[in-house]
Amino acid sequence: MSDQDQNRLFAYYANGQDARWQRVEVQLAPAVHPDRLRLTLPDGAVEEWPLYVLRRLPDQAGRASILLSRSDDPLSRLSIRGKGPVDHIKKLAPDLLKRPPVENVGRMVKWGLGAIASVALIIFVLVPVMADQLAEFLPPEGEKALGDKTFEQIRVALNQAGAAPLPLCTAPAGTAALEEMRVRLNAEGDLPYPLQVHVLDHDLVNAFALPGGHVALFRGLIEAAETPEEVAAVLAHEIGHVAHRDPTRDALRSAGSIGVLGLLFGDFAGGTAVLFMANQLINASYSQAAEAGADEFAHEVLTDAEVSPGALGTMFARLRDKHGDAEGIIAHLASHPTMADRIEAARVAAEASGVETRPILSEAEWQEMRAICGERSYEALPEEAPETMADAQPEPVPDTPPHEVPEDVPSTPPVVGVDGREDANTRP
């Protein structure tokens, strides 16, 4: 291509005021004004585009064409085709890829920080306040339904062996011993729903409470305890959370946070939201006030049951001394700054109680309770939970291999110990 042909070509032009594209003649670097493009329109009118105002716009046409605009007239368009002219324009125009300066940066930063502060205010202030108020008005039927659903989701999420729920430990003699412990504690008070105590067949040293009267102990906790009083102390602490409706408040906070985040980042799928809420509940990290309240509740219940309140502190202290700096829950127990205070509070409560203690279970009952996972139930909870654990009849264990885990079922979520701290050992 000759220099004359390369400097004179035809292109398509739109003025940005209407949708018409016009075929125009373009002269590159004319002799009179070599620092601009000269456009001759069909009606003979002439426009000149200085090279320094040319801006390349993104398009899908490839390397053999280019779409231009003007920095001082961003709605105008000039489409030039042909590899030779395109390369020539790239050499002539120094600022093709230059972007306009961002205006009002300070204002944008202020708006962004304001938006972040607003979301934080909603999630960390307004949602908790509303959750605390709603928890007082949530009907017992709704609270129990929430707890039932969440408990089943947790069982499925914790079972690494298959898609079936994690089995419940239901050996009759062990269940009777656990029921004897629950009756002896007599901690239900005026709960508007029956207290349901479960043992999950998992080696975590853990226990948690859910809305609607659910308390779950893990097999690992019972095996780690040296006396039934230590298990009773943990059970009383979790019942304290139920009595104070801490799990219900946490569930409502999680639901509110999910709603706010869904509005910001797109709606969550229904199953994902339920699993997320289940994960939040099992990882519930209650406030120091809630933990202190549950501890005080446990101290009172244990004293009334003629069990030393020091059993709660003994459980924490013994595990800390035994495992030292081990990873997981024990590390949290050893390093959490308020744990020493809680152990000391249990010791003080034991000294102040002045109660003459007696064993909460006989040695035979304690051994039966430690063997409670000799029988397991894979069944879901009944629609109407029995009034007492003694009324619950264990279901036969199905003699079928577990199903494979679907892709949408998450692996075991991180689980917290009895102090509300995450156990790193639960991660796969």
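In which hand of crossing does α7 pass α10? The points below answer this and then turn to other features of the model, which is a predicted one.

1. **Helices α7 and α10.** Helix α7 passes α10 in a right-handed crossing. Helix α7 covers residues 228-243, and its axis lies 8 Å from that of α10, at an angle of about 125°. This angle makes α7 oblique to α10, because angles over 145 degrees would be needed for roughly antiparallel and 65 to 115 for roughly perpendicular.

2. **Helices α10 and α13.** Helix α10 (residues 288-304) also packs with helix α13 (residues 339-353): their axes come within 11 Å and cross at roughly 30°. The two helices are therefore roughly parallel to each other, since angles under 35 degrees count as such. Here, too, the crossing is right-handed, with α10 passing α13.

3. Residues L121, I122, F124, V125, L126, V129, M130 and L134 make a nonpolar surface patch of about 740 Å². One of them, F124, is found in helix α3, which spans residues 105-137. F124 is exposed, because its relative accessible area is 65% and the cut-off for exposed is over 50%. Q133 lies in helix α3 as well, but with a relative accessible area of 49% it is partly exposed. The C-alpha atoms of Q133 and L252 are 10.0 Å apart in space, although 119 residues separate the two in sequence.

4. Side chains of opposite charge can pair when their charged atoms come close. The model has 20 salt bridges. In one of them, R36 and E48 meet with 3.0 Å from N to O. This pair links distant parts of the chain, as R36 is in strand β3 (residues 36-40) and E48 in strand β4 (residues 46-50), 12 residues apart. E48 counts as partly exposed, at 27% relative accessibility. Both residues belong to a salt-bridge network together with D35 and R38.

5. **Salt bridges within helices.** In helix α5 (residues 172-185), R182 and E179 are 3 residues apart and so separated by about one helical turn. Their side chains meet in a salt bridge of 2.7 Å, N to O, and both residues are buried. Helix α6 (residues 219-224) holds E223 and R219, 4 residues apart and again separated by about one helical turn. The closest N and O atoms of this salt bridge are 3.4 Å apart. E223 is partly exposed, with a relative accessible area of 40%.

Conventions: Residues numbered from 1 in each chain as written. Predicted model: local features only at pLDDT ≥ 70, side-chain atom pairs only at ≥ 80, totals over all residues. Heavy atoms only, no water. Patch = residues over 30% accessible without salt bridge, like charges linked within 9 Å, V, L, I, M, F, W, Y side chains within 5 Å. Areas by Shrake-Rupley, 256 points an atom, 1.4 Å probe, with all protein chains shown as cover. Salt bridge = Lys/Arg side-chain N within 4 Å of Asp/Glu carboxyl O. Buried < 20%, exposed > 50% of the residue type's maximum accessible area, 1.4 Å probe, protein only. Axes fitted to C-alpha atoms, helices over the stretch in contact; angles between N-to-C directions. Left-handed = near helix turned anticlockwise from the far one by under 90°.
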